[in-house]
Amino acid sequence: MAILQFFYKNTKYFFLAVGFICDTIIYMKIHDVIIIGAGAGGLKAAAELESRHKNYVILDMGNTPARKIAVSGGGNCNFTNTGADYTRYFGQNPDFVRSALAQFSPIDMLNWVKSKNIEYTEKEPGRFFCKNGAQNIINALLSDINVNSIQSNQKVLRVDKQDNVFAVFTENGDVFHSKSLIIATGGISYSNLGVSDVGFSIAKHFGHKIVPFRPGLCPLKTDAFSPDLAGISLSVEITTNSPKRVINDNLLFTHFGIGGPAVYRASLSNTDNLIINFTPKVDLFEKLKQSKQTNGRKNLVNILTEILPNKFAHFVCKNDDKNIADYKDSQLQKIANQITHFEIKNLKPIGMQNAEITFGGIDTKYINSKNMESKICKNLFFAGEVLDVSGDLGGFNLQWAFSSGFLAGKNA
């Protein structure tokens, strides 16, 4: 009553108060959805929101959207792989990807690319790249949304929620409000492109567990090989454990260890112990025994250089120049085993800056796989690499980003 009497006697203060309230209401625009991150997952989510006529804003910390897409596939964007299913994904629960891949499949992605008249090439069976560069995919994604909805250089600091409204605070001092929120911030690999762990921080704030993360799809450090081998590439078979996998692909020796596609793929497993077969297409023991009968005066190194690079042959033989006839069969068996079952222990990933993805992330246990919504916080959604979902090398991670982004945008 006293307040009403005050405003009655002081009408100018009454109108000032009313004006302040009106300004506050106008200023606090509440979007249907805020998307944090303008990468593959965020832009695909925005396209679905656009098709549903939702009011949305995309907050991105960088100058330009889709920076990781631009460098993916060596700049040609390996945008999908038709072999994508749960067996090609890793994390605590690989089954989590099933629904998303079913609702927006690699074939759906390929059809979308065709609908945009993007020229593409199939470099390996099922593995598709843009023929004329990744910018084609980026332009197509942007054509599906209102580009004015992208707020660049908006580094998110934190998110709160009150009365079912999310408040997103940025480093610029801006505050954005929405009924739903999609976290599509990606991981922390490719640090030179500008990355942030804010997606993990937001998830933790709302009660989600973070599976410890490490570099994924990356070179591995080991002192098992001579630095003199750096630059040599050969086809190998790598056997991993936890999970048990047999990988056939190319290995590249580096100054600090090993890299190349086979090693990148192996990095998604426990790297405490790897077994490498350097002659996967040859029964090496039989080859050595046969050479002993037919080329006994030829030394072991020269025999091995018929199927292995010269420097590597010298490395595994420790420059032993004895004729092959001077070896017992048991010795040849031991040499063959060393090359076909080369065991390496305690390999270490070479930093996030050299990794293509972040392995680990937000635990999927408390996220609904059918719509990407949090089971803990209503109207909070996730998409892409920020989750504990790591795809194999070859277009699997971009497909996951598109599929999960599609689901988040369809349901937010």
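**Close-up 1. Lysine charges over aromatic rings.** In this predicted model, K123 lies over the face of F129, 4.4 Å from the ring centre. K322 is placed over the face of Y327, at 4.6 Å from the ring centre. A charge sits over a ring if NZ of Lys or CZ of Arg is within 6 Å of the ring centre and within 35 degrees of the ring normal. Residues are numbered from 1 along each chain as its sequence is written, and side-chain values use heavy atoms, with hydrogens and water left out. Because the model is predicted, local features need pLDDT of at least 70 and side-chain atom pairs count only at pLDDT 80 or more, while totals for chains, interfaces and linings use all residues.

**Close-up 2. The F225–F342 ring pair.** F225 and F342 are stacked, at 5.0 Å centre to centre with 20° between the planes (rings of Phe, Tyr and Trp, its six-membered ring, pair if their centres lie within 6.5 Å; planes under 30 degrees apart count as stacked, over 60 as edge-to-face and the rest as tilted). The two residues are 117 residues apart in the chain: F225 is in the loop between β12 (220–221) and β13 (233–241), and F342 is in strand β17 (residues 342–345). Strands (E, at least two residues) and helices (H or I, at least four) are DSSP runs, numbered from the N terminus. F225 has a relative accessible area of 8% and F342 one of 16%, so both are buried (under 20% relative accessible area; exposed is over 50%, partly exposed in between; 1.4 Å probe, protein chains only).

**Close-up 3. The F278–F312 ring pair.** The ring centres of F278 and F312 are 4.5 Å apart and the planes are at 50°, so this pair is tilted. Both residues are buried.
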